[in-house]
Amino acid sequence: MSTRACYTFKDDHDEFHVYKHCDGYPSGAAEFITNALHLAWKLPRFEADEFGASFVAANKNDGGGVRLTHDWQNHGDLEYRYLIYMRDDELYVDAFDMGEKPIFSGNLAAFTEFSKTYN
């Protein structure tokens, strides 16, 4: 069974949402966010639309697997949600489980470490 997740990319002006049909658990999310780095502008330059586009380009392998969405709340089958943004010139991730319970908040490096041990 797939682990569905939404990723929200947010800056001071906008936010954009991407739905990913599978591997949405934290270790998968850490990998997918990291994959986007090589296509995105070099940090600390961060614009939500540009990083979201880089995320899609880096992680879309086939039809339907990764798609844009108007609102993460339109997906009642989510198991996780991630908010990706810049803070203090670092990429940050806030992670939530299906019940909107926060499970992590910190920079990408710390999230990657957290994801290795989260069950």
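A salt bridge is a side-chain nitrogen of Lys or Arg within 4 Å of a carboxyl oxygen of Asp or Glu. The exercises use a predicted model, in which local features need pLDDT of at least 70, side-chain atom pairs count only at pLDDT 80 or more, and totals for chains, interfaces and linings use all residues. Residues are numbered from 1 along each chain as its sequence is written, and side-chain values use heavy atoms, with hydrogens and water left out.

**Exercise 1.** Find the salt-bridge partner of Lys116 and state where the pair lies.

Step 1. The partner is Glu113, with the closest N and O atoms 2.9 Å apart.
Step 2. Both Lys116 and Glu113 belong to helix 3, three residues apart, about one turn of the helix. Helices (H or I, at least four residues) and strands (E, at least two) are DSSP runs, numbered from the N terminus.
Step 3. Buried means under 20% relative accessible area, exposed over 50%, and partly exposed in between (1.4 Å probe, protein chains only). Lys116, at 58%, is exposed, and Glu113, at 48%, is partly exposed.

**Exercise 2.** Explain which parts of the chain the salt bridge of Arg4 and Asp77 ties together.

Step 1. The side chains of Arg4 and Asp77 meet at 3.0 Å, N to O.
Step 2. Arg4 lies in the segment before strand 1 (5-10) and Asp77 in the loop between strand 3 (66-69) and strand 4 (80-87), so the bridge joins parts 73 residues apart in sequence.
Step 3. Arg4 is buried at 16% relative accessibility, while Asp77 is partly exposed at 35%.
Step 4. In total, the structure holds five salt bridges.

**Exercise 3.** Describe the packing of helix 1 against helix 3.

Step 1. Helix 1 (residues 26-37) and helix 3 (residues 108-117) pack at an angle of about 145 degrees, and their axes are 8 Å apart. Axes are lines fitted to C-alpha atoms, for helices over the stretch in contact, and angles run from 0 to 180 degrees between N-to-C directions.
Step 2. Contact means heavy atoms within 4.5 Å. Among the residues making it are Ala29 and Ile33 of helix 1 and Phe111 and Thr112 of helix 3.
Step 3. Ala29 is buried at 0% relative accessibility.
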